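Please walk me through this model in my viewer, one selection at a time. I am new to it and would like to know what to pick and what I will find there.

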Amino acid sequence: NMRTISKMLESSELDFYCLVDSAEQIDQLGAFFAEQRQRLQVLLELGVMGGRCGIRDEGQLQASLAALAHWQRSILLRGVEIYEGLLDDESAIRAFLQRAIRVTRGLMSDNRFHSAPVLISGAGSAWYDVVAEEFASAGLKDKVEIVLRPGCYISHDVGAYAKAQARILENNPIARQLDSGLVPALKIWAYVQSRPEPEKAIVAVGKRDVAFDAGLPVPALHYRPGETQPQPAPQHWQITKIMDQHAFLHIQADDDVRVGDMLAFDISHPCLTFDKWRAILIANTRYDVTDVVETWF
């Protein structure tokens with residue numbers, strides 16, 4: 001809330017930015033921070049019809065700019081921000097990015113920004129190549145600071161974002177020159193509880209443990225207690241169904257899978273996995289646990 005932000009701003013080391021997309025929101029922020037005798041940096045958020053937050057049309061833009069002008073002593077406009085991840089068509093995404101560039105260029109011409117360089121920010125984790133291309137080719141040069149803002153900055157989504165990364169690597173030669181690319185930082189470990197049928201194993205992981213809305217967990221590692229290191233799971237292993245506390249693993253009849261084996265799973269949608277755990281174990285490359293972190297969701 002605003003009081004929490006106000007306390008944070010008392011630290012001179014914090015460079016804080018807030019997104020705004022309406023005159024009503026700006027009026028509330030302006031009145032509060034004027035009373036606190038503080039100055040809040042904001043980015044103007046642009047949005048798309050049917051999306052989440054963000055300014056949709058010229059009327060909303062002008063109303064927001066008028067509110068910013070009214071509160072210019074307490075609310076400082078520093079840049080423009082978008083989130084393109086709600087769109088799934090590349091041409092629509094490029095059009096949205098070009099709109100953000102036009103708005104930014106127009107605001108720069110009207111001297112609407114408090115200081116330079118102007119921040120322009122976009123990109124979740126799926127279309128960062130397209131965002132980088134459009135922003136870099138806008139010709140704004142050192143007048144702007146481009147900030148790519150991936151959504152999954154602790155652990156990426158192995159399902160949806162793996163497909164997105166494959167598209168990026170196919171289309172973008174610069175991306176292909178990067179090091180190893182995305183490496184999963186989050187895995188869910190569980191025991192094999194039962195092998196009731198030749199081609200089925202029951203694993204002790206379920207909806208209470210892991211996200212399942214963006215794709216079921218993907219078997220990544222297989223470990224038998226007493227062995228030195230876990231081994232990669234065969235590619236044909238597949239979770240076919242997940243219940244509250246159990247998952248159905250499809251295997252082949254001759255696979256060496258026993259009750260008591262441990263499996264590690266890659267996951268889609270890490271946010272919904274993090275919020276199911278009050279504590280998460282940190283491990284090194286040998287899978288020795290080195291630390292424990294608490295989660296706050």
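Here is a short tour of this predicted model, with a few stops to select in turn.

Select residues 17-20, which make up strand S1. Cys 18 and Val 20 are on its covered face, while Tyr 17 and Leu 19 are on the uncovered one. To see one of the partners, pick Val 20 and then Leu 44 in S2.

**Stop two: aromatic pairs.** How many aromatic pairs does the structure hold? There are 2. Begin with Phe 32 and Phe 33: the ring centres are 5.0 Å apart and the planes are at 85°, so this pair is edge-to-face. Both Phe 32 and Phe 33 are buried.

Next, show Trp 189 and Tyr 287, an edge-to-face pair with 5.9 Å from centre to centre and 80° between the planes. Trp 189 belongs to strand S6, and Tyr 287 to the loop between strands S13 and S14, so the pair ties together parts that are 98 residues apart in sequence. Trp 189 is partly exposed, at 32% relative accessible area, and Tyr 287 is partly exposed too, at 37%.

**Stop three: lysines over rings.** Select Lys 207, which lies over the face of Phe 212, 5.2 Å from the ring centre. Finish at Lys 241, which lies over the face of Phe 248 at 5.4 Å from the ring centre.

Notes: Residues are numbered from 1 along each chain as its sequence is written. This is a predicted model: local features need pLDDT of at least 70, side-chain atom pairs count only at pLDDT 80 or more; totals for chains, interfaces and linings use all residues. Side-chain values use heavy atoms; hydrogens and water are left out. Buried means under 20% relative accessible area, exposed over 50%, partly exposed in between (1.4 Å probe, protein chains only). Helices (H or I, at least four residues) and strands (E, at least two) are DSSP runs, numbered from the N terminus. Two strands pair if DSSP finds at least two bridges between them. Rings of Phe, Tyr and Trp (its six-membered ring) pair if their centres lie within 6.5 Å; planes under 30 degrees apart count as stacked, over 60 as edge-to-face and the rest as tilted. A charge sits over a ring if NZ of Lys or CZ of Arg is within 6 Å of the ring centre and within 35 degrees of the ring normal.
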